[in-house]
Amino acid sequence: MNAPAGGRSWAGPREAATLGIDIGGTKTLAALVGPDGTVLDRARADTPAAQGPDAVLRTAAELARRLGGTGPVGVGAAGVIDPATGAVRYATDSLPGWAGTAVADVLAERIGRTVVVENDVNAAALGETWAGAARGSAHVLLVAVGTGLGGGLVRGGRVEHGARGGAGELAHLPAPDADRLPCGCGRTGHLEGVASGTGLARAYRLRTGADVTGAEVAARSAAGDAAAAAVLATAGRALGRALAGLVALLDPQTVVLAGGAGQALLPHARDAYAAERLTLHADVTPVPAALGAAAVAVGAARAAMTHPGTHLPADPGPTDP
Ligand SMILES: [Zn+2]
């Protein structure tokens, strides 16, 4: 960070920190994030998803009050977020009733602070770009393989939202290996049908009849289960091929693979990617995410810091020398 201008100095690490909140389907994590991306303090709670959006935002507000601080608050949440209003344009059922929720307005009213809302995977991409695996890169593609499959795109150091807030969404790319496999959108043949925790579990069940989670498939592969290894290889290959196409399209400096299933798929994805990428991109290799469970909260805090209209103590402002 630059030194504070105009003779001002930091009041202290906690006062200089920005609050980021990750509203997930099962957990809500709030983090006080320092001006260098360090997490100074954090608080967690179960997300009361079944009780609806109002209860979810009440929990987020309670965590914000617990950690305190001043200035704008960043939120990373599931769904396509309208970048202008901070409302949810589109969402799946991971948070029931979430679509249409005016997250920024409701939360701002509850806590009396400006709230900036970003899609959770976009926030993770911003966090990894700022303070994680893609630090120093301006153009970054982050792919998050968890239960589902998500993507976030950073262009010139800022999240690329697209026209509707939906840019970076790579789950629905056509993938030959996903032939006849259902995607979260209800169709078949999309990348998420094969390269996701849900896809791994389904493919393993089709091969063995065993009903286990995607994480368990990865664990069984590591323990020498040949069927699990084959499922991971197929999924990783599908992901790597898609990444090669995406890198050709987007020309990022860094590709980050996040999520538990993402780490299990990384070796296979790297091989398939390397076989298909252009020589132009020989120096672009998918790397594992570095911020772990805090990535969304850190990126949400960064979104709040850099949002137009946000003036933090560190910002010298237009009138300073
Ligand atoms: Zn789909």
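My entries on both topics follow.

**Ground rules.** I am working from a predicted model, where local features need pLDDT of at least 70, side-chain atom pairs count only at pLDDT 80 or more, and totals for chains, interfaces and linings use all residues. Residues are numbered from 1 along each chain as its sequence is written, and side-chain values use heavy atoms, with hydrogens and water left out.

**Zinc site.** I looked up which atoms hold the zinc ion. They are ND1 of His172, SG of Cys183, SG of Cys185 and ND1 of His190, at 2.0 to 2.3 Å. Donors here are N, O and S atoms within 2.8 Å of the metal (3.2 Å for Na, K and Ca); water is not among the atoms, so sites may look incomplete. I then checked the geometry. The four donor atoms subtend angles of 98 to 120 degrees, which makes the arrangement tetrahedral. For four donors, that term requires all angles to lie between 85 and 135 degrees.

In sequence, I read the donor spacing as H-x10-C-x1-C-x4-H. His172 and His190 both sit in the loop between strand E10 (158-159) and helix H5 (197-208), so the pair ties together parts that are 18 residues apart in sequence. Helices (H or I, at least four residues) and strands (E, at least two) are DSSP runs, numbered from the N terminus.

Are the two histidines buried or exposed? His172 is partly exposed at 34% relative accessible area. His190 is buried at 13%. The cut-offs: buried is under 20%, exposed is over 50%, and partly exposed is in between (1.4 Å probe, protein chains only).

**Salt bridges.** I searched the whole structure and got ten. Each is a side-chain nitrogen of Lys or Arg within 4 Å of a carboxyl oxygen of Asp or Glu.

I noted Lys27 with Asp46, N to O at 2.6 Å. This pair links strand E2 (residues 27-33) to strand E3 (residues 39-46), 19 residues apart. Lys27 is partly exposed at 37%; Asp46 is exposed at 53%.

Next I took Asp177 with Arg237, at 2.9 Å. Asp177 is in the loop between E10 and H5, Arg237 is in helix H7 (residues 226-250), and 60 residues separate them. Asp177 is partly exposed at 22%, and Arg237 is partly exposed at 39%.

Then I checked Arg220 with Glu216, closest N and O atoms 2.9 Å apart. Both lie in helix H6 (residues 214-222), four residues apart, about one turn of the helix. Arg220 is partly exposed at 27%, and Glu216 is partly exposed at 32%. I also logged a network: salt bridges with shared partners join Asp54, Arg58 and Arg110.

How values were computed
Tetrahedral: all angles 85-135°; square planar, octahedral: opposite > 155°, others 65-115°.
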